[in-house]
Amino acid sequence: MIRWNADQADLRDGLERWGDALSADHIELDEQSAFSEDKWKLVQKTGILSLPFDEDHGGLGQSLLTTMYVLEGLGEYNRDAGLSFCITTSICSTGIPLQQFGTTEQKERYLHRICSGEAIGAHAITEAEGGSDAMAMTTRAVRDGDDFVINGSKAFVSNGPIADVIVVYARTHPDGGPLGTTAFLVDRNTPGLSAGKPIKKMGLRTSPLSELFFDDVRVPKTAVLGRVGGGFLVLDHVMKREILFSFIVNVGEMQHRLERCVEYAKTRKSFGKAIGSYQTIANKIVDTKIQLETARKWLYDTGEKLEAGENITTDLAISKIVTSESNLATSLTAVQIFGGHGYMAEFGLEQDVRNAVGGTIYSGTNEIQYNRIASMLGLGK
């Protein structure tokens with residue numbers, strides 16, 4: 001069991017005072033599918049964007065586990081889940097690969113701005129036809145002297161409409177394969193790069209998403225992140241942290257939801273008794289507690305293994321499945337406990353359901369995670 005020290009607790013507790021401001025108008029903003037620039041300015045002030053990065057580039061130098069612990073607090077204190085998703089997307093998509101693979105020049109140009117929130121990051125991986133099969137990407141980057149010229153398109157790009165810098169994964173070898181893809185740092189204002197209109201979606205509506213189009217986008221060879229042909233090494237490093245960081249936020253959201261359910265079950269009366277005194281309701285809440293703690297344990301245990309250098313392929317897939325399905329199940333449970341009130345938008349619980357559905361799809365669908373676990377068990381060969 002992880003024991004958090006006073007400094008780590010202070011980092012998380014310091015975030016709590018921002019909770020009301022970050023949560024403000026979240027229901028209205030969700031209805032409008034609106035990203036709030038004013039809220040992003042508040043995010044910048046919290047310092048949360050700089051947690052896992054080197055102090056030399058404006059970061060706070062915190063460990064993976066401490067970063068997870070504070071991000072769990074973000075989920076607990078902030079009701080604007082789309083905003084939380086924007087935060088973890090910027091950290092993971094751009095900051096994380098820059099820290100690990102970036103050159104000194106790349107870090108000096110971009111990482112300080114990601115840490116401060118002056119720049120918002122995104123990554124462009126998925127394509128409309130390929131879906132979860134990243135190996136099938138058709139976006140190409142062709143060498144032309146000291147430059148690469150990128151052509152193609154990307155779908156479902158979180159932060160796409162608001163990103164200042166995008167890590168673009170493109171095929172650099174005609175035959176593709178594990179060594180045929182390269183990651184590039186592309187500035188938003190690069191000629192030939194355009195974004196589609198923000199796409200309406202079921203949940204996480206305050207986190208804007210769009211397609212990106214690359215029409216002879218010319219970038220210098222110094223834009224290569226890592227090495228040519230090393231794109232999947234970059235992506236593998238990123239996705240491990242993306243799952244841990246994004247889904248530990250969900251754990252914080254589940255914690256908040258559990259506390260709401262317990263309080264409501266103690267005070268809501270039916271047939272002269274608090275509804276929590278009925279075993280049917282009490283069992284639902286106990287199941288919520290079990291699902292929460294199971295997800296929390298899987299994520300932190302997996303984070304510990306990652307820091308220790310262990311292979312976490314199976315653990316990560318299980319963590320993603322357990323957390324995303326628990327988040328969805330407990331959100332539905334909360335609606336049921338609150339009854340008619342839970343079905344009303346003003347209580348925010350139906351929004352939780354819509355947000356939770358996305359977790360079963362992004363960062364690799366749960367079906368893909370099942371396939372990974374089966375493969376590690378030697379099945380399907």
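Guide: We can look at a helix pair, a domain record and some aromatic rings.

Visitor: What kind of model is this?
Guide: This is a predicted model.

Visitor: OK, helices. At what angle do α6 and α7 pack?
Guide: About 145 degrees. Their axes are 10 Å apart. Helix α6 covers residues 81-101, and α7 covers 104-116.

Visitor: Is that crossing left-handed or right-handed?
Guide: The crossing of α6 and α7 is left-handed.

Visitor: Which residues make the contact?
Guide: From α6, Ser90, Thr94, Gly95, Leu98, Gln99 and Phe101. From α7, Gln106, Lys107, Tyr110, Leu111 and Ile114.

Visitor: And how do the residues of that contact divide?
Guide: Five are nonpolar, five are polar and one is charged.

Visitor: Switching topic. What does UniProt list for residues 6-118?
Guide: The unreviewed UniProt entry gives "domain: Acyl-CoA dehydrogenase/oxidase N-terminal" for that span. In the model, residues 6-118 are 72% helix and 0% strand. The end C-alpha atoms of the span lie 29 Å apart.

Visitor: Now rings. How many aromatic pairs?
Guide: The count is six.

Visitor: Take Phe85 and Tyr362. Why is the pair called tilted?
Guide: Their planes are at 50 degrees, so the pair counts as tilted; the tilted class lies between under 30 degrees for stacked and over 60 for edge-to-face. The ring centres are 4.7 Å apart.

Visitor: Where do the two sit in the chain?
Guide: Phe85 is in helix α6. Tyr362 is in the loop between α12 (349-359) and α13 (366-376).

Visitor: Buried or exposed?
Guide: Phe85 and Tyr362 are both buried.

Conventions:
Residues are numbered from 1 along each chain as its sequence is written. This is a predicted model: local features need pLDDT of at least 70, side-chain atom pairs count only at pLDDT 80 or more; totals for chains, interfaces and linings use all residues. Side-chain values use heavy atoms; hydrogens and water are left out. Axes are lines fitted to C-alpha atoms, for helices over the stretch in contact, and angles run from 0 to 180 degrees between N-to-C directions. Helices (H or I, at least four residues) and strands (E, at least two) are DSSP runs, numbered from the N terminus. A crossing is left-handed if the near helix is turned anticlockwise from the far one by less than a right angle, and right-handed if clockwise. Contact means heavy atoms within 4.5 Å. Ala, Val, Leu, Ile, Met, Phe, Trp, Tyr, Cys and Pro count as nonpolar, Asp, Glu, Lys and Arg as charged, and the others, Gly among them, as polar. UniProt positions are given in the numbering used here, feature names are shortened, and annotations may be inferred rather than shown by experiment. Rings of Phe, Tyr and Trp (its six-membered ring) pair if their centres lie within 6.5 Å; planes under 30 degrees apart count as stacked, over 60 as edge-to-face and the rest as tilted. Buried means under 20% relative accessible area, exposed over 50%, partly exposed in between (1.4 Å probe, protein chains only).
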